[in-house]
Amino acid sequence: MAAVVVSELRKTYGKTKALDGLNLTVPVGTVHAVLGPNGAGKSTLIRTLATLLRVESGRAEVTGVDVARDPDEVRRRIGLLGQHAALDEDLSGWQNLELFGRLYHLGARRAAARADELLERFELAGTGRKAVKAYSGGMRRRLDLAASLIIQPQVLFLDEPTTGLDPRGRTEVWGALRSLVGGGTTVMLTTQYLEEADQLADRICVVDHGRVIADGTADQLKAKVGGDRIDVVVHDAGDLRAAAAALAEVPGAGAVDSDEDDRVVSAPVADRMSALSHLMRALQEAGIDVDDLAVRRPTLDEVFIQLTGAA
Ligand SMILES: Nc1ncnc2c1ncn2[C@@H]1O[C@H](COP(=O)(O)OP(=O)(O)OP(=O)(O)O)[C@@H](O)[C@H]1O
Ligand SMILES: [Mg+2]
């Protein structure tokens, strides 16, 4: 059985089609990333699945339960980490968790035990007695995550779990998420970062304008967008065309972009190491002076351009 099934889901705000016939299936026990730019419809999707928004048209099921027909039952089976934290700043981490436990009718004893357990699990035991306002971004997000797990949900929805965190905070949250998935929970998360989807997800669907425009494993998507990219910054703008030609000759290179203002030529490549050595030789032979030469991951913008074919 699938943990989440969404079919032809639509939601409009005035003239904006936040969800425009979206289809999606998430198998049980997997991590599914919904990748998309600002305004793509990610939060609308998550909030609909978490029963916070009414289904306007189409169908959404969580663990086989229809979201529109039986929202109470859906709520019993899910956890939600919203885009904005729902913690009480003046309470300690432990007090926040204990409070959530009581909200879920765990009873005083079990709520307290669960708070201890979750602080331990998310490596917050040392700071659990401090007020949340003294927490770093990464600690806060981990506490948030702990709060969404009070009742051990079958499906956990995470809306941009790491947006706004520094790299260290992001790594911490990723670690916490991975340990969770080991426990068998199905996770559906939204992100604006290709790298994050790549790190965490079994499958990724790319959403734009309320529709899924591509989906597959990270490798499949990367193959589609050409994997790594090589950027060459030439010293002399007059060499730009020759550099573009050299890059186009690299085996496995995709379409070459040139940017005159920044003196950069750039292209997706299949095999980074062989492409780099091939290109360096070609540039040298052509006598082109280079200010910088770098291999990097495609940015989200480039992924979208490749997937949508829009310039
Ligand atoms: N309550 C609302 N009223 C009016 N328009 C809304 C409302 N909520 C969302 N929208 C619009 O619906 C579209 C999708 O919004 P949504 O919040 O789902 O996007 P998102 O992918 O989560 O974006 P972000 O990355 O910025 O969080 C956007 O155009 C947004 O402006
Ligand atoms: Mg959002």
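Q: At what angle do helix 5 and helix 6 pack, and how far apart are their axes?
A: In this predicted model, helix 5 (residues 137–147) and helix 6 (residues 167–182) pack at an angle of about 20°, and their axes are 8 Å apart.

Q: Is helix 5 roughly parallel or roughly antiparallel to helix 6?
A: Helix 5 is roughly parallel to helix 6, because angles under 35 degrees count as roughly parallel.

Q: Which residues make that contact?
A: Helix 5 contributes Gly 137, Gly 138, Arg 141, Arg 142 and Leu 145. From helix 6 come Arg 168, Gly 169, Glu 172, Val 173 and Ala 176.

Q: How do the residues of the contact divide into nonpolar, polar and charged?
A: Three residues of the contact of helix 5 with helix 6 are nonpolar, three are polar and four are charged.

Q: And the crossing of helix 5 and helix 6: left-handed or right-handed?
A: The crossing of these two helices is right-handed.

Q: Stepping back, how many helices and strands does the protein chain have?
A: The protein chain has eleven helices and 14 strands. Its C-alpha atoms fill a box of roughly 75 × 45 × 35 Å, taken along the principal axes.

Q: What percentage of the residues in the protein chain is buried?
A: Of the 311 residues in the protein chain, 39% are buried.

Q: What about contacts in the protein chain between residues 24 or more positions apart?
A: Among contacts with a separation of 6 or more, residues 24 or more positions apart account for 66%.

Q: Now to helix 1: how many of its residues are buried?
A: Helix 1 (residues 42–49) is mostly covered, with six of its eight residues buried.

Q: Which ones are they?
A: The buried residues of helix 1 are Lys 42, Thr 44, Leu 45, Ile 46, Thr 48 and Leu 49.

Q: Let us turn to ligand 1. Which residues come nearest?
A: There are 13 residues around ligand 1, of which Tyr 13, Ala 18, Lys 42, Ser 43 and Thr 44 come nearest.

Q: Which elements give two or more residues to the shell around ligand 1?
A: Those elements are strand 2 (16–27) and helix 1. Helix 1 gives the most, with three residues.

Q: What is the make-up of that shell by class?
A: The shell around ligand 1 has nine polar residues, three nonpolar residues and one charged residue.

Methods:
Residues are numbered from 1 along each chain as its sequence is written. Chains are lettered from A and ligands numbered from 1 in the order in which they are written. This is a predicted model: local features need pLDDT of at least 70, side-chain atom pairs count only at pLDDT 80 or more; totals for chains, interfaces and linings use all residues. Axes are lines fitted to C-alpha atoms, for helices over the stretch in contact, and angles run from 0 to 180 degrees between N-to-C directions. Helices (H or I, at least four residues) and strands (E, at least two) are DSSP runs, numbered from the N terminus. Angles under 35 degrees count as roughly parallel, over 145 as roughly antiparallel, 65 to 115 as roughly perpendicular and the rest as oblique. A crossing is left-handed if the near helix is turned anticlockwise from the far one by less than a right angle, and right-handed if clockwise. Two residues are in contact if their C-beta atoms, placed from the backbone, lie within 7 Å. Ala, Val, Leu, Ile, Met, Phe, Trp, Tyr, Cys and Pro count as nonpolar, Asp, Glu, Lys and Arg as charged, and the others, Gly among them, as polar. A residue is buried if 20 or more other C-beta atoms lie within 10 Å of its own, exposed if 12 or fewer, and partly exposed in between; C-beta atoms are placed from the backbone. A residue is near a molecule or strand if its C-beta atom, placed from the backbone, lies within 6 Å of it.
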